[in-house]
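Notebook open, structure loaded. I want to go through it piece by piece and jot down what I find.

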Amino acid sequence: MHPLITVWSANLILASAAIAQSAPVAPRTGAADDDPIRTLVGRLDLATYKSTIKGLTQFGDRRQGTERNRAAVDWIEAQLKSHGCANIARLKYTYFPSDPELPSGPPIARRPDAAVGGARYRGIRSHTGVNTDPHLQPDEKLRTLNAEPSKGGAREEIYCTKGGATHPEEMYIVGAHMDGIGWGEAANDDGSGTALVMELARVFSSADVRTDRSIRFVLWNNEETGLNGSRAYVEQRRALQGSKQEPKWLGMIQHDMLLFDHGMPRADGTLAATQRAEADVNIEFQTSSKFAVQAQQLAWVFQVANEKYATDYPASVGSHMTNTDSAPFQDLVPAISLRENERGTQIGAGWDPNWHQPTDLYATYDDADFRLGLNAAQTTLAALAGLTGATIK
Ligand SMILES: [Zn+2]
């Protein structure tokens with residue numbers, strides 16, 4: 001193992017221990033519960049998180065290569081600006097629908113119960129797929145909003161950065177994809193993750209918040225076509241690390257579909273109407289990645305942060321992260337993803353009937369659903385605050 005990685009891993013374990021023991025980052029005065037991480041987590045709330053998701057749904061499914069997608073990128077930029085997030089920039093690349101779709105995970109093993117990402121299916125599975133039929137969207141207004149087809153060409157995706165006070169040259173990347181498909185509103189996939197990243201940008205960009213290390217907030221485009229937006233970022237900026245333009249990457253944390261955990265489909269293919277009592281946030285790393293050991297440590301830092309700071313739902317760690325924008329990073333830095341369910345065995349087995357469907361609408365979800373996304377936001381915010389040494393002036 002490279003000595004730097006050993007040092008980094010040790011830092012991670014220390015960060016994990018710091019969160020676990022609630023040790024303040026710096027000596028503090030006042031009451032024993034004067035915990036900056038708890039204060040920061042308290043700046044997230046359900047109403048604001050919901051309204052950010054609602055704001056994203058005004059652009060329909062935000063399919064890449066359309067005017068509604070470009071309008072959503074502009075809207076996200078304006079929101080980030082209003083939150084005071086610094087150094088807003090756009091990554092530019094091109095995408096043509098004829099581009100070969102690159103695999104977003106390791107190859108699927110030829111076993112009847114093999115799920116993507118290396119996992120194994122258990123229990124009842126139900127149908128999954130992508131809706132491509134506009135007539136399955138009964139809302140005429142939404143059908144019209146989503147009507148423009150995708151065209152190949154120039155693409156843009158937005159990011160902004162919280163600069164570290166003592167180590168601005170090192171950063172964590174926090175991401176979600178803002179594009180969607182399926183003739184709905186992409187409220188969950190991935191309005192829920194995009195709103196989470198925007199909410200974290202708001203909290204960390206507050207003038208009274210200081211972090212030792214930097215945090216970059218990125219809203220990927222073209223996830224649904226094969227992670228083309230995050231791949232473009234890696235291709236263009238990987239070699240710039242350590243220069244003035246690009247801090248060194250410490251880790252990548254992706255958020256994709258965070259609202260719906262109603263459990264396994266029943267034998268007849270139907271699902272429970274409400275969030276299950278056992279709902280959890282699923283934190284996944286990829287066991288076959290080059291940074292599997294460090295990614296696993298990072299995942300446990302997030303699990304510990306959830307246990308200490310998330311208000312309602314616990315988190316589980318799994319080893320089969322796949323099909324998401326953290327994949328292009330996984331052999332370069334520790335990479336994890338947060339979801340409502342495991343991607344391979346659960347989402348892949350039909351646990352989310354709204355996935356890429358006309359029913360992925362803001363109105364489909366209730367507060368118990370939205371609250372799972374809020375708990376994922378609390379988890380990532382708390383973990384990042386610990387990892388970057390956040391304090392409040
Ligand atoms: Zn997604």
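This is a predicted model: local features need pLDDT of at least 70, side-chain atom pairs count only at pLDDT 80 or more; totals for chains, interfaces and linings use all residues.

Asp 189 sits in helix α6 (residues 187–204), while Asp 256 is in the loop between β6 (248–255) and β7 (281–284). That pair is 67 residues apart and links distant parts of the chain. I checked burial too: Asp 189 and Asp 256 are both buried.

Disulfide. How many disulfides does the structure hold? I found 1. Cys 85 is joined to Cys 160, S to S 2.1 Å, and the link is right-handed, with 90 degrees about the S-S bond. Cys 85 belongs to the loop between α4 (67–82) and β1 (89–95) and Cys 160 to strand β2 (residues 153–162), so the bond ties together parts 75 residues apart in sequence. Both Cys 85 and Cys 160 are buried.

Core. Next I asked which residues have the most contacts inside the largest nonpolar core. They are Phe 204 and Phe 217, in a core of 69 residues. Helix α9 (residues 367–387) gives the most to this core, with 11 residues. There is also a second, separate core of 17 residues, including Val 218, Ala 232, Phe 329 and Val 333. Back to Phe 217: leaving out residues up to four places away in sequence, its contacts include Cys 85 and Cys 160, the two disulfide partners. Phe 204 is also among the residues that Phe 217 touches.

Gln 330. Is Gln 330 buried or exposed? Its relative accessible area is 12%, under the 20% cut-off, so I noted Gln 330 as buried. Gln 330 is in the loop between β8 (315–318) and β9 (335–339). Not counting residues up to four places away, Gln 330 touches Gln 286, Ser 289, Lys 290, Phe 291, Met 321 and Ala 335.

Helix α8. Last entry: α8 (residues 292–309) has 18 residues and reaches 25 Å from first C-alpha to last, close to the 26 Å expected. Its buried residues include Gln 294, Leu 298, Phe 302, Asn 306 and Tyr 309.

How values were computed: Residues are numbered from 1 along each chain as its sequence is written. Side-chain values use heavy atoms; hydrogens and water are left out. Helices (H or I, at least four residues) and strands (E, at least two) are DSSP runs, numbered from the N terminus. The expected span of a helix is 1.5 Å times one less than its number of residues. Buried means under 20% relative accessible area, exposed over 50%, partly exposed in between (1.4 Å probe, protein chains only). A nonpolar core is a set of buried Ala, Val, Leu, Ile, Met, Phe, Trp, Tyr and Cys residues joined through side-chain atoms within 4.5 Å. Contact means heavy atoms within 4.5 Å. A disulfide is a pair of cysteine sulfur atoms within 2.5 Å.
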